[in-house]
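This report describes the sheet of a protein chain and some of the side chains within it. Please look at the sequence and the structure before reading on.

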Amino acid sequence: MKISLFETHIETNCLEKATAFYEQVLELEVALASSRGVRFYWIGEPGEHMLGVWETDVSPISVRHFAFQVDFEDLPKIIEKYSEKGVQFQNHFRETTNEPSVHCWMPSASIYFQDPDGNSLEFIAKLPGKSNPSGGIIPLSEWMRNNG
């Protein structure tokens, strides 16, 4: 099972200034622009790596958040392996579960957990199919029913 870094997140005191910097100076491609004080940028090719830039007062996650990319086929094995080692997983809504959440706008399946210092970690697996920005965040089982 291969694990690689997929995304990280940072905070900003002024999203407008940060947006100008990342979009105009660094010329990063916007992956998702949200009205809730966050921008996601692709690093490299779309879907390859991602940076989340959060306005300080709206971040629902710790800025100490990292996502490790895994193959979708390995995700159940990874959840089982680390559950057996005492890792407690959560879905996107911070509910304790071993069922990943699907971010339909990508699409990807994610399961979250914390290290001993409370840093927010995530295993993320890209899913086949087209992006569905209006699909929201749903349980993997629901995505599987709808997408075979």
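Ala33 has Arg39 in strand 3 as its bridge partner. The model is predicted: local features need pLDDT of at least 70 and side-chain atom pairs count only at pLDDT 80 or more, whereas totals for chains, interfaces and linings use all residues. Residues are numbered from 1 along each chain as its sequence is written, and side-chain values use heavy atoms, with hydrogens and water left out.

**The sheet**

Helices (H or I, at least four residues) and strands (E, at least two) are DSSP runs, numbered from the N terminus. Two strands pair if DSSP finds at least two bridges between them. Strands of a sheet pair through backbone hydrogen bonds, either parallel or antiparallel.

Here 9 strands form an open sheet with mixed pairing, in the order 2-3-4-1-5-8-7-6-9. Its edges are strand 2 (29-34) and strand 9 (137-139), each of which pairs on one side only. On average, neighbouring strands are turned by 25° against each other, direction ignored. Such angles run from 0 to 180 degrees between N-to-C directions, and the axes are lines fitted to C-alpha atoms, for helices over the stretch in contact.

Two helices pack on this sheet. Helix 1 (residues 15-25) touches strand 1 (4-12), strand 2, strand 3 (38-43) and strand 4 (49-55), and its direction makes about 15° with that of strand 3. Helix 2 (residues 75-84) touches strand 7 (108-114) and strand 8, and its direction makes about 155° with that of strand 8. Contact means heavy atoms within 4.5 Å.

Strand 2 and strand 3 are antiparallel, with 5 bridges, and form a hairpin with 3 residues between them. In that turn, Gly37 has a positive phi of about 85°. Strand 3 also pairs with strand 4 in the antiparallel sense, over 6 bridges; Arg39 stands opposite Val53 there. The hairpin of strand 3 and strand 4 has 5 residues between the strands, and Gly44 takes a positive phi near 80°. By contrast, strand 5 (residues 65-69) and strand 8 (residues 120-126) run parallel and are joined by 5 bridges, with Ala67 opposite Glu122.

**Selected side chains**

Buried means under 20% relative accessible area, exposed over 50%, and partly exposed in between (1.4 Å probe, protein chains only). The contacts of Glu122 beyond four places in sequence include Glu7, Phe66 and Phe113.

His103 in strand 6 (residues 101-103) is also buried, because its relative accessible area is 9%. Its contacts beyond four places in sequence include His92, Gly136 and Ile137.

The table lists polar contacts (pairs of N or O atoms within 3.5 Å; within protein, one must be able to donate a hydrogen and the other to accept it, and residues adjacent in sequence count only if both atoms are side-chain atoms).

| Side chain | Partner side chain | Distance |
|---|---|---|
| Glu122 | His65 | 2.8 Å |
| Glu122 | Ser110 | 2.6 Å |
| His103 | Tyr112 | 2.9 Å |

A salt bridge is a side-chain nitrogen of Lys or Arg within 4 Å of a carboxyl oxygen of Asp or Glu. The whole structure has 1 salt bridge. Asp74 and Lys77 meet in a salt bridge at 3.1 Å, N to O. Asp74 is buried, because its relative accessible area is 11%, whereas Lys77 is partly exposed at 45%.
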